[in-house]
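Subject: Structure for your review

Dear colleague,

Please find the structure below, followed by an account of what was found in it. I would be grateful if you could read the two side by side.

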Amino acid sequence: MTLLVDALARAKCSVSWTCPPVSLGRTWRTVGLLAMVVALPSAAQDAAQAPAVEARATVGDLAGRLSACEGGELGKAEVLLLEPEGRTQTPRLDAQRRFEVKGLAPGTYELHAYVPGCEPQAYRVQVAAGERTEVDAVLAESVSLETTIEVTGRQLSKGEERALSAEAVKVVELEEARQQTADLGEVLSRNTGVSVQRTGGLGSASRFSLSGFSGEQVRFFLDGVPLELAGFGLGLANVPVNLLKRVEVYRGVVPVRFGADALGGAVNLVSSDGDEPSGASVSLQAGSFGTYRGSLAGQYKLGTGGLFVKGHAFGDVARNDYMVDVEAADDRGRLVPARVPRFHDGFTAGGVGLEVGVLERPFAERLSLRVFGTRSRKELQHNVVMTVPYGEARSAESSYGALATWSQGGLLSGKLRLEGVGGYSRRDTDFRDMAGFVYDWYGNAGVERRQPGELGTTPADQVQWQHSALARLHAAYELTATQSLRLSLAPTFVTRQGEDQLKLGTGQRDPLSAQRDLLTLVGGLEHELALGDGRLKNVAFVKGYVMRSDSEEVLPGGVFRRADQASEHLGFGDSLRMFLPYGVLAKLSYEYATRLPGPDELFGDGVLVMANLGLRPEVSHNANLDFSVDDWRTGMGSFRGSVGGFARLADDFIVKLGDDSTVSFQNVYAARSLGVEAAAGWTVPGDWLWLDANVTWQDFRNTGGQGTYAAFKGDRIPNVPWLFANFSARLRRRALILPSDSASLGVTSRFMNGFFRGWESQGLREYKQDVDAQLTHSLSLTYVREGSPTLGGTLEVLNLTNAKTYDFFGVQRPGRSLSVKLTADF
């Protein structure tokens, strides 16, 4: 299994199964299992040309026997079956070298046989409904050095290559999610180790947590570029799923090519692999609570080495007027339980992006310029803990910028590859809190305020401007056929200024005019080594971090004081990947990681997050151990699963803490997160039913024995769930109406345990504020018609049982909602 997987991982053939002729001037292992010889007996050719089986036919079986050449090592014989849809499985060989695969859908399959010392062979066979197809695989002696033959093979997708790498990464393919109505935050939260908490519906603030670490402790990228510098400053959960191809989740150990500091890991949103043909896609969605979403994406290539143009646009609108349970004043002014709709929680957002470039030119493999712009507006419904309603407060944000990329390979006799990225973005945040009345939970304006403003004791009408500049250089050099070096250097500069409209003409210095400059530099050197025909890969690396913060602290009375910071840190780590028997993939990784405070943590966000200029960088020892099986084929179907553990030992840990109206980031001095993750899945023969389940347990505690939070040593970190699980089932019927269509019915369930909103040792247990355990279910019905264009439609019900669900700080989430989504790919 591992030899064949390695062969596919290094294959250079096209998806069409054919490659240019190559010379087998060495043994099969010297070729590196790039491909397998096609031997098409006349009987198999006739079978391949047989009439297509009717779309509604039942499954068939495939069986055969493997015979080796003289001197062949039968003890190491392997067989690989490639399915028409591109999936692979490895039939088991018994003592007589016979194999059998049951429950195959009718179609044309590729069967590849390999025995060390013999020439590998490949057969194309036709599986018919209700029949048993026999194959007699006879391997001849190896060809001579001068023989030139045609080879075939299936090239792994970029996502599969990433999953099989030595990196501590899990890949989430979005092919099915693009048809569903769930947003990106909901899709990612269905995976092990991932929790996405939100303060409401679409457009609300969200917190992405990975193995307990959250916020800016996890870095986010779009095609390797920081998300906020790529035109998506609205947050991960609000990025349209249909603009993406897959998501790569790096768990605690981040490759140097990202040029980023991270404590808990990184999430890379991949919009394309760069090899997609010209085409376009569009999606439209409508749902409960006044929710409407739409996206459009397309690209056009002028020849194989010419100009290309890519673009996207999206728009979101949501009223978020779902029902919530609160305590509202009655006619006598007494607080009584009430169920009311949210009346001031609307959200609108839109954005466009355009990229123009050239491919395969003498001066660049790829050279492009991308420009983008986004705009959003969000109404604020209540305070942090949902006890005080707001009726007028709102915030708005816009960002725009440009990004240039360049890459060139084949330098220094093909051993050196260079990549460069440079970009600029501007983000404007507008916050207005000028309400002149006190609003109740029914949206009524009541008592006139002596002083305008709902969030605090003073009104606010302010705007902040943030300018960001990014540069990144990445170089990769191939030392030998099994060793390579990679170097990355990434400086980032951020400056922020603001203006309080209420301070104009007062003669006082505006607190928002205080200096806010932040320079960070992250560099890394990485060495990769492959051994044993690629069965084992190891990546060792070192990183360096530099931070310079030039800022002014605003003290009471309008006094400004310097609050500069400077720090340098060194990090290192190692990632090891091994292919074990029976197709088991093992990964072990470690990093001594450093994470520098971000602009919003240091300077605040201009709305609800207060500045903390004294924040220090946080460091952590991160370790992961995982074992996984991706596709274990048996007569009962295909099985997959994984089990692993993680450890995060952090110092100067930064968490978001707050009161009823505002929050700020604070160092907790030390924190420790230990956890176990497990996942299992089963696909029945014929691929008509998929069952998957996963569970994550984490013990995330404050271990600091000194400072502000020493009294809470040993407590769990507040507002973080410690147990959550997911289950999904999907039924699919092919050729429901047309030979090229399919329909599927899916069910997903999510459980999250209860947790405390504050420190668990503070106060009596019966009076503690907590979030109860939650169990939610969703149901979706999808229909897809393949062709040109490919059309799809989905009807989905989220929170099917209308369960009461809450997120951090006890904010109630939407109840049952119905959504419909239409997609088209041209």
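C69 and C118 are joined by a disulfide, with an S to S distance of 2.2 Å; the term stands for a pair of cysteine sulfur atoms within 2.5 Å. The structure holds 1 disulfide. The link between C69 and C118 is left-handed, with -95 degrees about the S-S bond. It connects distant parts of the chain, 49 residues apart: C69 lies in the loop between β3 (60-67) and β4 (78-82), and C118 in the loop between β7 (107-114) and β8 (121-127). Strands (E, at least two residues) and helices (H or I, at least four) are DSSP runs, numbered from the N terminus. C69 has a relative accessible area of 10% and is therefore buried; C118 is buried as well, at 3%. Here buried means under 20% relative accessible area, exposed means over 50%, and partly exposed lies in between, with a 1.4 Å probe and protein chains only.

Please note that this is a predicted model, in which local features need pLDDT of at least 70 and side-chain atom pairs count only at pLDDT 80 or more, while totals for chains, interfaces and linings use all residues. Residues are numbered from 1 along each chain as its sequence is written, and side-chain values use heavy atoms, with hydrogens and water left out.

The chain as a whole

The chain has 7 helices and 50 strands. Of its 826 residues, 52% are buried. Among contacts (heavy atoms within 4.5 Å) with a separation of 6 or more, 66% are between residues 24 or more positions apart. The chain exposes about 35800 Å², of which carbon and sulfur atoms supply 58%; accessible areas come from the Shrake-Rupley method with a 1.4 Å probe, and for residues only the protein chains shown count as cover.

Strand pairing

Two strands are said to pair if DSSP finds at least two bridges between them. An open sheet of 3 strands runs in the order β13-β14-β15, with antiparallel pairing. Its edges are β13 (194-198) and β15 (213-214); each has a single partner strand, so one side of each is left without a neighbour in the sheet. Between β13 and β14 (residues 206-210) there are 5 bridges, and V196 has F208 in β14 as its bridge partner.

Strand β20 (residues 279-287) runs antiparallel to β21 (residues 291-301), with 9 bridges joining them.

The nonpolar patch

A nonpolar patch on the surface has about 1000 Å² of accessible area and is formed by L284, W688, L731, L745, V747, L779, L781, L795, L800, L818, V820 and L822. Such patches are made of residues with over 30% relative accessible area and no salt bridge; nonpolar side chains (Val, Leu, Ile, Met, Phe, Trp, Tyr) are joined within 5 Å, and like charges within 9 Å. Two or more residues of the patch come from each of β45 (741-752), β48 (774-785) and β50 (817-825). The most come from β50, with 3 residues. L822 is placed in β50 and counts as exposed, at 51% relative accessibility.

Salt bridges

A salt bridge is a side-chain nitrogen of Lys or Arg within 4 Å of a carboxyl oxygen of Asp or Glu. The count comes to 52 by this rule. E568 and R548 meet in one of them, at 2.6 Å from N to O. This pair links distant parts of the chain, 20 residues apart, with E568 in β36 (residues 565-580) and R548 in β34 (residues 536-555). R548 counts as partly exposed, at 33% relative accessibility.

In another salt bridge, the closest N and O atoms of D699 and R716 are 3.0 Å apart. D699 lies in β43 (residues 689-702) and R716 in the loop between β43 and β44 (723-734), 17 residues apart. D699 is buried at 11% relative accessibility, whereas R716 is partly exposed at 21%. Elsewhere, salt bridges that share partners join R162, E167, K245, R246, E248, R257 and D273 into one network.

Yours sincerely
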